[in-house]
Amino acid sequence: MTDQLPTIPLSQTILRGLACKCPRCGVGKLYRGFIDLRPSCENCGLDYAFIDVGDGASVFLIMIAGAIVVGCALVVEIKYQPPFWLHAALWLPLILLTTIAPLRSMKSLLIALQFHHKASEGQLIDRTPK
């Protein structure tokens, strides 16, 4: 990863991540498509090859959305006891809304935090035996 010249506060890093902007300059766009990353920043030239968030954004969103949707479904089931088709009509759109809509922002937030904390792959330290 390339070193950033000035130290960027964590709050600004979080805002850059949520805005889907370059984690170093905060100006260039991070994505080419919906969740397809650009090869580098169009403004400062930061190479995005260091990015490796894996399934982190998806897992966070699934856990949050699951808690919201299951909680709401339980309340509706206990209070009103609607038929199953109504549950499907209510909760399928909510699942899509709570998982797909914030996916870009959550992924770019994890990318910005990875850049801020200079996270990288773990490496073994070569030690001599005692």
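Two salt bridges turn up in this predicted model, a salt bridge being a side-chain nitrogen of Lys or Arg within 4 Å of a carboxyl oxygen of Asp or Glu. Arginine 32 is exposed at 53% relative accessible area, while aspartate 36 comes out as partly exposed at 43%. (Buried means under 20% relative accessible area, exposed over 50%, and partly exposed in between, with a 1.4 Å probe and protein chains only.) The other links the side chains of glutamate 42 and arginine 38, with an N to O distance of 3.4 Å. Here arginine 38 is partly exposed, at 24% relative accessibility.

A word on the ground rules: the model is predicted, so local features need pLDDT of at least 70 and side-chain atom pairs count only at pLDDT 80 or more, whereas totals for chains, interfaces and linings use all residues. Residues are numbered from 1 along each chain as its sequence is written, and side-chain values use heavy atoms, with hydrogens and water left out.

Next comes helix packing. Two packed helices are described by the angle between their axes and the distance between the axes. Helix α1 (residues 10–18) packs against helix α4 (residues 103–116) at an angle of about 145°, and their axes are 7 Å apart. Axes are lines fitted to C-alpha atoms, for helices over the stretch in contact, and angles run from 0 to 180 degrees between N-to-C directions. Helices themselves are DSSP runs (H or I, at least four residues), numbered from the N terminus. On the α1 side, the residues involved are Leu10, Thr13, Ile14, Gly17 and Leu18, and these meet Ser105, Ser108, Leu109, Ala112, Leu113 and His116 of α4.

Threonine 13, in helix α1, is buried, with a relative accessible area of 2%. Contact means heavy atoms within 4.5 Å, and with neighbours within four places in sequence left aside, threonine 13 is in contact with Ile8, Ala112, Leu113 and His116. Leucine 113 sits in helix α4 and is partly exposed, at 23% relative accessibility. Under that exclusion of neighbours within four places, leucine 113 is in contact with Leu10, Thr13 and Ile14. Leucine 113 and leucine 10 are 103 residues apart along the chain, yet their C-alpha atoms are separated by 8.2 Å.

Helix α2 (residues 56–80) contains phenylalanine 60, a partly exposed residue with a relative accessible area of 45%. Not counting residues up to four places away in sequence, phenylalanine 60 touches Met106 and Leu110.

Cysteine 20 is not a glycine, but has a positive phi of about 60°. This cysteine 20 falls in the loop between α1 and α2 and is buried, at 10% relative accessible area. Lysine 118, also not a glycine, has a positive phi of about 55°. Lysine 118 belongs to the segment after α4 and is partly exposed, with a relative accessible area of 46%.

Note on methods
Helices (H or I, at least four residues) and strands (E, at least two) are DSSP runs, numbered from the N terminus.
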